[in-house]
Amino acid sequence: MSAKTIDIPDSTSVKPEPLTGDQVMDVGDQTIEIDDPTFTQAPVVDRPNTVGASENTVTRIRTRDLSVFYGEVQALKNISLSVPQHRVTALIGPSGCGKSTFLRCLNRMNDMVDGVRIAGNVWLDDQDVYDTGTDVVELRKRVGMVFQKSNPFPKSIFDNVAYGPRLSGIRNRSELHQIVEHSLKRSALWNEVKERLSDSALQLSGGQQQRLCIARALATDPEILLMDEPASALDPASTARIENLIFELRDRYTIVIVTHNMQQAARVSDRTAFFYEGRMIEDGPTKQLFTTPAEKQTEDYITGRFG
Amino acid sequence: MSSVSTFVKPVSPQHQATGVQGRRKTFEKLIQAFLFVCAGISVATTVCIVVVLLVESVQFFFEVSIVEFLTGTKWTPLLKPQHFGILPLLCGTMLVAVGSAVVSIPVGLGTAIYLSEYAPPRLREVIKPVVEVLAGIPSVVYGYFAVVTISPMIRTVFPSAGPFNAASACIVVGIMTLPMIISLSEDALRAVPRSLRQGAYALGATKYDVTTQVVVPAAMSGIVASFLLAISRAVGETMAVTLAAGATPKATLNPLESIQTMTAYIIQISQGDTPAGTLEHRTIFAVGLTLFIVTLMINLLAQWFLSQVREKYE
Ligand SMILES: Nc1ncnc2c1ncn2[C@@H]1O[C@H](COP(=O)(O)OP(=O)(O)OP(=O)(O)O)[C@@H](O)[C@H]1O
Ligand SMILES: [Mg+2]
């Protein structure tokens, strides 16, 4: 069985309007090139932004030999991955392989897990994320996150979305309202909730709650957005809207998305990394990874032979 | 009662087995009957108490008008001229309830938040048992602690205070009700899903933000329920209050004065030589009924708040 059996849909069929075919598929060879030897090997703390990208693509997040231990169990093993700016990076792999763990390392949400130990490095631009001097609160404002399980606050819809902006000190009601409306429109929820912004968020359906959480993350206007299976609880229509949203956000944000849906990874991402049992088996331009994977395990996974 | 009907439900013919099976069935029936009687005892007791309270109170209200009882500002049933206005006793009870809440709510909630959100696990394991010991101290011990320790301290700060004063009762009842607030509030705080805290942290919230804006509001109904149950306990508290606050029915809000609560009054009459069946003696049933109604209302309100907690995360 060939890896090519995976169906990579024509981007125009997914996103009819502003997107042209080559925008989605330009990931191949010309945009990101990480063959640069300085990039994956030695610590390049001093110039992490300048490598790994050809043309105008800059690396925003880079990990080197990142390992995570939950107690005695090692959940991540020496992950070295780069996340390019204004691109969508997809993480795929079977359940329990460490995708969420990896994502949580990028905004230090793992800090709160009891008994966690993290080794290796994570850089955001040229800032060492795990440096003791790093302001975690500031970091999390820049690196937003949508969780695997939707977790709206037991507050009104409005207050959920306004939570981040309020943390940043925005008090002006009309300004908040503008942010809330804008964020809800982007997460494709506005039309369903505009009449009842003061209702409890817990009254929303599961899929609506997930879109609310996306809106909540967007409202803080992060530079980087980490999305852990944002569409797992959504129906096909909402999923399509979220995918459209990801296309749009791509121009302004840098996105890392975890997904179990290979079609989705193929549709939305520029680059894909395949994780398996705590290791990163391979990563590369999405098209390449799905059509000509370098590793047998990757091929087996994307053709549905396991996982 | 529905439990009665299930109990006497006729056994259908095919279930009337013989031998071992039959004996097992009989055993099951006996167990069920025994458990039903157990459950019935508490129901029967409640009903009896309410009936006695009502019967005696009705007799009391044949002689004293309800209006006088509820609006009178003098309570002198044992002195001539007799006055049967419950307000001084109600006022005393409320003073102790509110005063103790002033002590117990901030300290209790603060402790609960500390234990649930801030305390390192090891420290938590030390503090929790200490709080439980607090709950196990007999109330009479609290009472003389108030008289011999708290009251003299109050009198050094406020020389005008009497040896028996409401403030010492408030403080000691506040301490007594702390464990209730701490453990119930902490349960409510801990019941807030981790994922909510993480959601807030991921938006750049500090620990203080998460605690005050997400965790405490999410646990609010449980916290309020713990306050109400503590207040209800303070209203019903007898021993410590009788010892600490004195026996002077007075419609005052000054915590430095000696007062009398409803419970303390009931103790006074029950132990005195007032003959049963007299009007003077019946006062305790009217007071008891009032006390019962007040605590019942508070408890119902607390139950309602607790039901809100259960609804929230289902
Ligand atoms: N808080 C934790 N404590 C202990 N072990 C954990 C914790 N979180 C995750 N793990 C373990 O780490 C491994 C990776 O988990 P992770 O959640 O990152 O997987 P995942 O790839 O996101 O899986 P899924 O696709 O099912 O979400 C798993 O074996 C999991 O049991
Ligand atoms: Mg996961």
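**Exercise 1. Identify how the side chains of A:Arg271 and A:Asp283 meet, and locate both residues.**

*Solution.* Step 1. In this predicted model, the side chains of A:Arg271 and A:Asp283 form a salt bridge, at 3.3 Å from N to O. A salt bridge is a side-chain nitrogen of Lys or Arg within 4 Å of a carboxyl oxygen of Asp or Glu.

Step 1. A:Arg271 belongs to strand β9 (residues 271–276) of chain A and A:Asp283 to strand β10 (residues 279–285) of chain A, so the pair ties together parts that are 12 residues apart in sequence. Helices (H or I, at least four residues) and strands (E, at least two) are DSSP runs, numbered from the N terminus.

Step 2. A:Arg271 is buried, at 4% relative accessible area, whereas A:Asp283 is partly exposed, at 23%. Buried means under 20% relative accessible area, exposed over 50%, and partly exposed in between (1.4 Å probe, protein chains only).

*Conventions.* Residues are numbered from 1 along each chain as its sequence is written, while chains are lettered from A and ligands numbered from 1 in the order in which they are written. Local features need pLDDT of at least 70, side-chain atom pairs count only at pLDDT 80 or more, and totals for chains, interfaces and linings use all residues; side-chain values use heavy atoms, with hydrogens and water left out.

**Exercise 2. Determine which residue forms a salt bridge with A:Asp125, and which network contains the pair.**

*Solution.* Step 1. The partner is A:Arg60, and the closest N and O atoms are 2.6 Å apart.

Step 1. A network of salt bridges links A:Arg60, A:Asp125, A:Arg142 and A:Glu223. Over all chains, the whole structure holds 21 salt bridges.

**Exercise 3. Describe the salt bridge between B:Lys128 and B:Glu186.**

*Solution.* Step 1. The N to O distance is 2.7 Å.

Step 1. B:Lys128 lies in helix α5 (residues 121–136) of chain B and B:Glu186 in helix α7 (residues 166–190) of chain B; the two residues are 58 residues apart and link distant parts of the chain.

Step 2. B:Lys128 is partly exposed, at 21% relative accessibility, while B:Glu186 is buried, at 0%.

**Exercise 4. Name the protein donors of the magnesium ion (ligand 2) and state where they lie.**

*Solution.* Step 1. The donors are A:Ser100 (OG) and A:Gln148 (OE1), 1.9 to 2.4 Å from the ion. Donors are N, O and S atoms within 2.8 Å of the metal (3.2 Å for Na, K and Ca); water is not among the atoms, so sites may look incomplete.

Step 1. A:Ser100 is in helix α5 (residues 99–106) of chain A and A:Gln148 in the loop between β6 and α7 of chain A, so the pair ties together parts that are 48 residues apart in sequence.

Step 2. A:Ser100 is buried, at 17% relative accessibility, and A:Gln148 is partly exposed, at 37%.

**Exercise 5. Characterise the contact between chain A and chain B.**

*Solution.* Step 1. Chain A contributes 22 residues and chain B 20 residues, where contact means heavy atoms within 4.5 Å.

Step 1. The buried area is about 1,700 Å², with 68% from carbon and sulfur atoms. Buried area is the accessible area (1.4 Å probe) that two parts lose on being put together, summed over both. In chain A, A:Pro154, A:Tyr163 and A:Leu167 lose the most area to chain B, together 27% of what that side buries.

**Exercise 6. Locate the cis peptide bond that joins B:Lys80 and B:Pro81, and the positive phi values of A:Asp65 and A:His86.**

*Solution.* Step 1. Most residues other than glycine have a negative phi, and most peptide bonds are trans.

Step 1. The cis bond between B:Lys80 and B:Pro81 has an omega of about -5°. B:Pro81 is in the loop between α3 (66–71) and α4 (87–118) of chain B.

Step 2. Phi is near 50° at A:Asp65, a residue of strand β1 of chain A. Phi is near 55° at A:His86, found in the loop between β2 (73–84) and β3 (88–92) of chain A.
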